[in-house]
Amino acid sequence: MGEGLENRTQKETYTESLFYQIRLTAKYLKLLGVQLFEGLNIEIPFEEYIALDIINNNEALCQRDLAKLLIKDRANTGRIINRLSDAGYVEVKIDKRSNRIVKMLFLTKMGKKFVAETNKRILPYTKHIKDNIDVSYEDKLVQMLKDLRNKLSELVETQI
């Protein structure tokens with residue numbers, strides 16, 4: 001190992017690590033989303049939109065799976081689902097899996113329309129960010145982050 005790399009590894013602190021950089025970036029992205037939704041007067045909070053987008057991209061998703069993807073406990077996920085259902089965006093269907101009752105989540109026509117319209121509204125803002133940074137390795141970065149998240153999910157105990 002080269003001397004420079006060896007010294008770098010020995011001096012590395014948490015705040016210089018990949019993990020901290022991802023954490024900090026995630027916080028900025030959440031703040032940006034919240035501010036963007038408030039600024040555009042989108043009728044639901046950013047967090048509920050994320051749930052809608054997840055349901056939109058995953059057919060026949062159950063509440064537990066949504067909770068895992070949101071990294072929220074089932075009670076908080078249930079409240080989100082109830083608000084989205086009351087607003088007419090999500091339909092909840094009861095199903096059985098391995099003799100257990102599960103809530104399956106589906107977007108309504110109104111929910112699909114809302115997600116499509118919201119995506120069109122926020123796209124110029126996300127495009128503006130991407131236009132100002134080098135995203136030539138975006139697909140590779142996304143895959144690397146998924147791989148990292150999958151590895152971390154094996155190590156982290158979640159109460160979902």
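Lysine 113 counts as exposed because its relative accessibility is 53%, whereas glutamate 117, at 40%, is partly exposed; the cut-offs are under 20% relative accessible area for buried, over 50% for exposed, and partly exposed in between, with a 1.4 Å probe and protein chains only.

Before I go on, please keep in mind that this is a predicted model, in which local features need pLDDT of at least 70 and side-chain atom pairs count only at pLDDT 80 or more, while totals for chains, interfaces and linings use all residues. Residues are numbered from 1 along each chain as its sequence is written, and side-chain values use heavy atoms, with hydrogens and water left out.

Now to the other charged pairs. The structure holds 6 salt bridges, and one of them joins the side chains of lysine 72 and glutamate 47 at 2.9 Å, N to O. Lysine 72 lies in the loop between helix 4 and helix 5 and glutamate 47 lies in helix 3, so this pair ties together parts that are 25 residues apart in sequence. Lysine 72 is partly exposed at 23% relative accessibility, and glutamate 47 is partly exposed as well, at 31%. Another salt bridge, at 2.4 Å, N to O, brings together the side chains of glutamate 48 and arginine 83; since glutamate 48 belongs to helix 3 and arginine 83 to helix 5, the pair ties parts that are 35 residues apart in sequence. Here glutamate 48 is buried, with a relative accessible area of 6%, while arginine 83 is partly exposed at 41%.

Which residues touch the most other members of the largest nonpolar core? They are Leu52, Leu66, Leu84 and Val90, in a core of 24 residues, a nonpolar core being a set of buried Ala, Val, Leu, Ile, Met, Phe, Trp, Tyr and Cys residues joined through side-chain atoms within 4.5 Å. The elements giving two or more residues to this core are helix 2 (18-39), helix 3 (46-57), helix 4 (63-70), helix 5 (74-86), strand 3 and helix 6, and helix 3 gives the most, with 6 residues. If we set aside residues up to four places away in sequence, leucine 52 touches Ile44, Leu84, Tyr89, Val90, Leu107, Phe114 and Val115, with contact taken as heavy atoms within 4.5 Å.

Returning to helix 6, which spans residues 109-131 and includes threonine 118, we find that threonine 118 counts as buried because its relative accessibility is 3%. The side chain of threonine 118 reaches the backbone oxygen of phenylalanine 114 at 2.8 Å. Leaving aside neighbours within four places in sequence, threonine 118 is in contact with Phe37, Ile42 and Tyr49.

Strand 2 and strand 3 form a hairpin with 2 residues between them, and serine 98 in the turn has a positive phi of about 50°. Strand 1 is joined to strand 3 by 2 bridges, again antiparallel, and cysteine 62 stands opposite methionine 104 in strand 3.

Conventions. Helix = DSSP H or I, 4+ residues; strand = E, 2+ residues; numbered from the N terminus. Polar contact = N/O pair within 3.5 Å; in protein donor to acceptor, adjacent residues only side chain to side chain. Salt bridge = Lys/Arg side-chain N within 4 Å of Asp/Glu carboxyl O. Pairing = 2+ DSSP bridges.
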